[in-house]
Amino acid sequence: MKTAVQPPPVEPADRPRRRIDGERRKVHTIGRWWWALPGALLVIAMHYGATAVGGSFAFTNWSGIGSFEWIGLGNFERIFDDPTKLTALRNTLLLAFGSVILSNLAGVVLAIGLNRVLKTRYLLRTLFFMPVVLSPLATSYIWKFIFQLDGPLNSILSGVGLDGLARPWLADPIWALWAVLLVVVWQNTGFAMVIYMSGLASVPVEIEEAAAIEGASLWQRTWHVVLPCLRPAIAIATTLGLVNGLRIFDQILALTGGGPANATATLATEVYKQAFSLGNFGYGAALAVILTVIILTFAVIQQRVVQGRPEV
Amino acid sequence: MFRYTKLSALREIGLWLLAVVYLAPFYVLIATALKPDSEVFSTSALAPPKSPTLQSFSHVLSAGGESDIKVGLANSLFITTGSIIVLVLLGSLTGYVIARNTRRWSRALFFLFLIAIVLPIQLGTVPLYISARTLHLTGSAPGMIVLYGGLLLPLSVFIYAGFFRGMGTDYEEAAAIDGAGPGQVFFRIVLPLMAPATGTVAILTGLIVWNDFFTPLIFLGGSDQQTLPVAMYYYIGSLVSQWNQIFAIVILSMIPILVFYLVAQKRFIQGFAGGIKG
């Protein structure tokens, strides 16, 4: 770029940007701005462009072939008049929040349990983290078997004399959703645990020791010393968990396919069903708009709540 | 101060018991996959196989068409590797420019990428599908690489930008003073120094691509070119309660990633814990 041929202008308005020392010098080493161009264009087209076009479908009755009409908010009215879609909305929120709360609680307990001195802590960490790297689809099939009427869970229940509780879990309109929730929590706990373990590693030993010497109990140390240090970890784990939880799809398709009678349908599975199985692109897009708005809203709220870290 | 006490021993035993319960599903998985057809229905779901056999595995491996596991495995490997290469190259270049530039447009660009991370794919899927079909990119593995290159780029850029910000510019300046051009500085100095970031990007995005089900279900739908999860989905869809075969295919689909995880588990876990914090 241009070198300082003429003396820099002296107007103070330009001050703030110039404040960063050595910016001029750095100009030589930052590469070229157009290096960012392919990536930027790709993301603008594939994320923003596609989302905008898809969003505009939501106001049409397009079925994938032929012409379509603009029908305004018609699709949205149909969604909010349809009890099955409201169930899907409720299920989405319940699974997202339920899985975030439960897997973070379990994750923080495991992380504190595995913190320091244990001889096999790294081995245990590897084991508890294992479900995270496996495909949600594949692990869901294992759980589908476990929840069968003649499956392992019911065998165990009748083995300990609780025959009365045995049921076809995934075919039960009330229990199916909780079974799905259990699978999601099982799969995500290791992730939360790892985030909290690295958060705990940043708690200075001296402070904890000092608190212990002053006579603070284990509980007090955890609550007043450790947890405040975990705030950033909590922010990351919950934000990511929530965003992923709201998109939940694979587990539903493998475990229940949305059934019985739509009892476990979520927004993501309804979008898939409407747009890709039934060809109702307009209606499916309207559902996807609702999903997108919910995700963006919660992501923004979450960022506001945990101020000071602009990153996800 | 924090020494190994009786309480620690108790904690350790408790956590091991918990781990056994936590991983019990894998016992069921392996035990059932090894059962011959006759035992699947006649024995308890918890019983170990009486006469273990690999016949389910050979059944699964002989399937063809859209549920061909071997094709699925090859495609998954190809798509995952290709996507990682694209995401590392594009992501590092873009992340570098964003991190090293203090202008306003570069900050705006950063937020553009940041928001795109949480933007769900569902809304854009239909337009993307139509575009891909027009360009003959549906039903093809290279098309999937293009798709993932765009879809996961925000995550890659975000991770790289975070790492670049934490790295001083001394080496770059030294190289520039010695006469290296911007391209040389980047590919011979900066990128090699960024090996930890590249590892994190490769592991996180590779895992997402490898395990992804929704995108290939749509974009490869109806073709013979499937990825492992979709081939598994189709194969299982054709079975009714053949749990030994279902679990054989589930195990086959898990082996590559499990081997990788157990070999590089420290990098995996650090990738998750560190990469996401940036």
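1. In chain B, the axes of helix α10 (residues 170-177) and helix α11 (residues 182-193) lie 10 Å apart and meet at an angle of about 160 degrees; axes here are lines fitted to C-alpha atoms, for helices over the stretch in contact, and angles run from 0 to 180 degrees between N-to-C directions. Because of that angle, α10(B) is roughly antiparallel to α11(B), where angles under 35 degrees count as roughly parallel, over 145 as roughly antiparallel, 65 to 115 as roughly perpendicular and the rest as oblique. Helices are DSSP runs (H or I, at least four residues), numbered from the N terminus.

2. This is a predicted model, in which local features need pLDDT of at least 70 and side-chain atom pairs count only at pLDDT 80 or more, while totals for chains, interfaces and linings use all residues. Residues are numbered from 1 along each chain as its sequence is written, and chains are lettered from A and ligands numbered from 1 in the order in which they are written.

3. On the α10(B) side the contact involves Y171(B), E172(B), A175(B) and A176(B), and on the α11(B) side V185(B), I189(B), V190(B) and L193(B), contact being defined by C-beta atoms, placed from the backbone, within 7 Å. By class, seven of these residues are nonpolar, none is polar and one is charged (Ala, Val, Leu, Ile, Met, Phe, Trp, Tyr, Cys and Pro are nonpolar, Asp, Glu, Lys and Arg charged, and the others, Gly among them, polar).

4. In chain A, the axes of helix α3 (residues 37-57) and helix α15 (residues 281-305) come within 7 Å and cross at roughly 120 degrees, which means that α3(A) is oblique to α15(A). The crossing is left-handed. Residues G54(A), G55(A) and F57(A) of α3(A) meet F281(A), G282(A), A285(A), A288(A) and V289(A) of α15(A), and this contact divides into five nonpolar, three polar and no charged residues.

5. The loop between α13 (250-255) and α14 (267-277) of chain A holds P260(A), which is joined to G259(A) by a cis peptide bond with omega of about -10 degrees. Most residues other than glycine have a negative phi, and most peptide bonds are trans.

6. A261(A), in the loop between α13 and α14 of chain A, has a positive phi near 50 degrees, and N262(A), also placed in that loop, has a positive phi of about 65 degrees. A261(A) counts as exposed because it has 12 C-beta neighbours inside 10 Å, whereas N262(A), with 18 other C-beta atoms within 10 Å, is partly exposed (buried means 20 or more other C-beta atoms within 10 Å, exposed 12 or fewer, and partly exposed in between, with C-beta atoms placed from the backbone).

Terms used
Helix = DSSP H or I, 4+ residues; strand = E, 2+ residues; numbered from the N terminus. Left-handed = near helix turned anticlockwise from the far one by under 90°. Contact = placed C-beta atoms within 7 Å.
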